[in-house]
Amino acid sequence: MTATPSRTWADASVVADLARVRAQAPLTHCFTNLVVTNFTANLLLAAGASPAMVFAIEEVADFAAIAGGVLINVGTVTAPEAEAMRVTARCAHAAGTPWVLDPVAVGGLKLRTDLAAELVGSRPAIIRGNGSEILALAGAAATAKGVDSTAGAEEAVDAARGLARSTGAVVAVSGAVDHVTDGETLVTVPGGDPLLTRVTGTGCGLGALMAALLAVSDSPLDAAVCASAVLAVAGERAAAVARGTGSFAVALLDEISLLGSDPPLEIG
Amino acid sequence: MTATPSRTWADASVVADLARVRAQAPLTHCFTNLVVTNFTANLLLAAGASPAMVFAIEEVADFAAIAGGVLINVGTVTAPEAEAMRVTARCAHAAGTPWVLDPVAVGGLKLRTDLAAELVGSRPAIIRGNGSEILALAGAAATAKGVDSTAGAEEAVDAARGLARSTGAVVAVSGAVDHVTDGETLVTVPGGDPLLTRVTGTGCGLGALMAALLAVSDSPLDAAVCASAVLAVAGERAAAVARGTGSFAVALLDEISLLGSDPPLEIG
Amino acid sequence: MTATPSRTWADASVVADLARVRAQAPLTHCFTNLVVTNFTANLLLAAGASPAMVFAIEEVADFAAIAGGVLINVGTVTAPEAEAMRVTARCAHAAGTPWVLDPVAVGGLKLRTDLAAELVGSRPAIIRGNGSEILALAGAAATAKGVDSTAGAEEAVDAARGLARSTGAVVAVSGAVDHVTDGETLVTVPGGDPLLTRVTGTGCGLGALMAALLAVSDSPLDAAVCASAVLAVAGERAAAVARGTGSFAVALLDEISLLGSDPPLEIG
């Protein structure tokens, strides 16, 4: 039995991929939910990417074509937005722009569950979710409770591998340890901090960071692993300086902005 | 004449109710306005609740039934959202899920004023607003200026008592001193800090916290009082460490996350 | 050749205009994009204004009439919102309420580009954008990349002067040095910090601050210059105390809240 490789911020390839984001500032289109727009944009800016959010069905096609990476996150989707997301996914796929699907709370709610299943047909490069969401999207029996996972990341690994094989996407299962697989290779990313679950948008921001990395990485697997490792180490460092959940969120952005910044971010 | 009882964080019942939120992490559905989504979710997470926001008319019915508590806040409502709010309120009522109505800026603007009056028919457990909003919802003459109150909390107490009696809801009037009444008992909650009016979403977050507490408290009166007392003491403590309005908002979340955390929130 | 006058926080007129905002707390209606709602409201509260956001087409007309200043920012506009923005602009103009147009990402995307060109007909008092956006709105050839400018502020000055003359608006071009013109006078506002480009919503917040200042200033030129000078000095002071991009955003609000506060903001 082969040992599962583990990757962290200590890996040179992870550092190199983040450095490419800072050098190229990829335009990253985030069609994300209304709870995390601001935090997502600030997380991408901290990492050196150029975030943008366009929701109009009249504009998403043009924008998907010029973006370096796209995120579709169904967290607060309504029917008109679902239609614009379908167009976004189709046009990203047609234009060759790699994109990330974040199936927030899929499983328990019908509109988003049907939508996510349909969006998979437009070939996301990465699908990122917690264990319950990946289990649900894979068609397995999942018990979802709102937006939080009731399934451990490990339980969802088999479902993730199957989903990766059936869709061609890299599947990233977020949890205490993240699991990322392209259907063959399975990479674990340890680290992080429980405080990451006490601030809204850390998972959604992780999906956005994957979209930015898709524009500069050698493979979707590398992109998903780098983003997970960046969030894990930044979460650890932020927890070391935070006083509570409010200052943890601020410190998380600080740590991402300072991470591998070369030349260092000029502050003060 | 009976003295009005006053309750604060010093009361064991208040501490106990917040502890129940931390222990049970009630799923709290916030159909709230677009200005405060992120802050509201982070405030609930700081208190130990599990926030979720669903806006699709196709999903709100299912979600209201599984949530422990629901908030409907009309702050940035549009006509399609109003319809989804009506469904949310009806389904919460039908499912026995207690819910909070926050009639932001009701009085001066027609769509929300008509909507709020209609929503009251779905029997909110708590109605929370500032003095002007409660006066307007009670049909009294109120002078509203945007979203800020021009009526003191005290002036609105009579209107609050009448509104509570006519609707069956507990009515909470936020102000320098909060007033909470079920139509018979009137409880005051002193404390807080003027800085709470210099950060957007503290009142809206208070309504959300009441929705979380409805899932675990013995009565809507207890839920409204506990939430008010938590925000008041956290506001005082945050003001003691803040440098300006930006760091006050961060410290407010910190203080809520640290409040009565047992075991203490592990940081650093 | 006349030297271009330069104005900063060191100018008494700038200090006086901000003091008027603190004294009068003008109701400022922000029809802004979904990424920056919270930050915009907090920035206005830090400056002493009274922010409000109303998006319903049934309510914007009434609200534009009672507001002291209005902002229309097309950053995340959809077709239904575009219609409500048209009503907002027409009613603000009809009611004599001065308003600011922020043409975010105009040039590259059709819905907003057509909309912004149409909105100009309702006579904004100020048009604020980065170099690419002003060039695009002026009909000049601009190369836009998402929401970030690829044109320097200086390059856009000629276009700004032409746009000011043809529309009657003051045009403010944000950049490393801000340029503000009414078509005749050109004022530069130096200062600020590159970190202002690493946090989302600083430009959008600047437009909102201009809307608040329109309610109290002697002229749109004064309003645009004062807002630019306030953001510049607050950005410098925030950069001096920030640890990364997260704490910079928090410190920026702190510094605005402390700026010229008389009596000083009571904290702690």
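This is a working chat about a predicted model with chains A, B and C.

Visitor: What are the ground rules for the numbering and the confidence cut-offs?
Guide: Residues are numbered from 1 along each chain as its sequence is written, and chains are lettered from A and ligands numbered from 1 in the order in which they are written. The model is predicted, so local features need pLDDT of at least 70 and side-chain atom pairs count only at pLDDT 80 or more, while totals for chains, interfaces and linings use all residues.

Visitor: How many residues does helix 4 of chain C have, and how far does it reach?
Guide: Helix 4 of chain C, residues 79-95, has 17 residues and spans 24 Å from its first C-alpha to its last, close to the 24 Å expected at 1.5 Å a residue. The expected span is 1.5 Å times one less than the number of residues. Helices (H or I, at least four residues) and strands (E, at least two) are DSSP runs, numbered from the N terminus.

Visitor: Which of its residues are buried?
Guide: Glu81(C), Ala84(C), Met85(C), Thr88(C), Ala89(C) and Ala92(C). Buried means 20 or more other C-beta atoms within 10 Å of the residue's own, exposed means 12 or fewer, and partly exposed is in between, with C-beta atoms placed from the backbone.

Visitor: Where do they sit around the helix axis?
Guide: They cover an arc of only 140 degrees, which puts them on the same side of helix 4 of chain C. The arc is that of the directions from the helix axis to the C-beta atoms.

Visitor: What covers them?
Guide: The cover includes strand 1 (27-31), helix 3 (60-66), strand 3 (69-73), strand 4 (99-102) and helix 5 (110-119) of chain C. Contact here means C-beta atoms, placed from the backbone, within 7 Å.

Visitor: What follows helix 4 of chain C?
Guide: Gly96(C), with a positive phi near 80 degrees.

Visitor: Changing topic: how is chain C related to chain A?
Guide: A rotation of 120 degrees with 0.0 Å of shift along its axis superposes chain C on chain A, at RMSD 0.0 Å. The two copies are thus related as by a three-fold rotation axis. In chain C, the C-alpha nearest that axis belongs to Leu34(C), 4.1 Å away. Superposition is by least squares on the C-alpha atoms of residues with pLDDT of at least 70 in both copies.

Visitor: Why do you say the copies meet through different surfaces?
Guide: Because only 10% of the interface residues of chain C are also interface residues in chain A.

Visitor: How many residues go into the contact between chains B and C?
Guide: Chain B gives 30 residues and chain C gives 30 residues. On the side of chain B, helix 10 of chain B has the largest share, five residues. That side divides into 15 nonpolar, ten polar and five charged residues. Ala, Val, Leu, Ile, Met, Phe, Trp, Tyr, Cys and Pro count as nonpolar, Asp, Glu, Lys and Arg as charged, and the others, Gly among them, as polar.

Visitor: And strand 6 of chain B, which residues are on each side?
Guide: Val170(B), Ala172(B) and Ser174(B) are on one side and Val171(B) and Val173(B) on the other, all buried.

Visitor: Which strands does it pair with?
Guide: Five bridges join strand 6 of chain B to strand 5 (residues 126-130) of chain B, running parallel, and three join strand 6 to strand 7 (residues 178-181) of chain B, running antiparallel. Pairing requires at least two DSSP bridges. Ala172(B) is the bridge partner of Arg128(B), and Val173(B) stands opposite His179(B). Strands 6 and 7 of chain B form a hairpin with three residues between them.

Methods:
Two residues are in contact if their C-beta atoms, placed from the backbone, lie within 7 Å.
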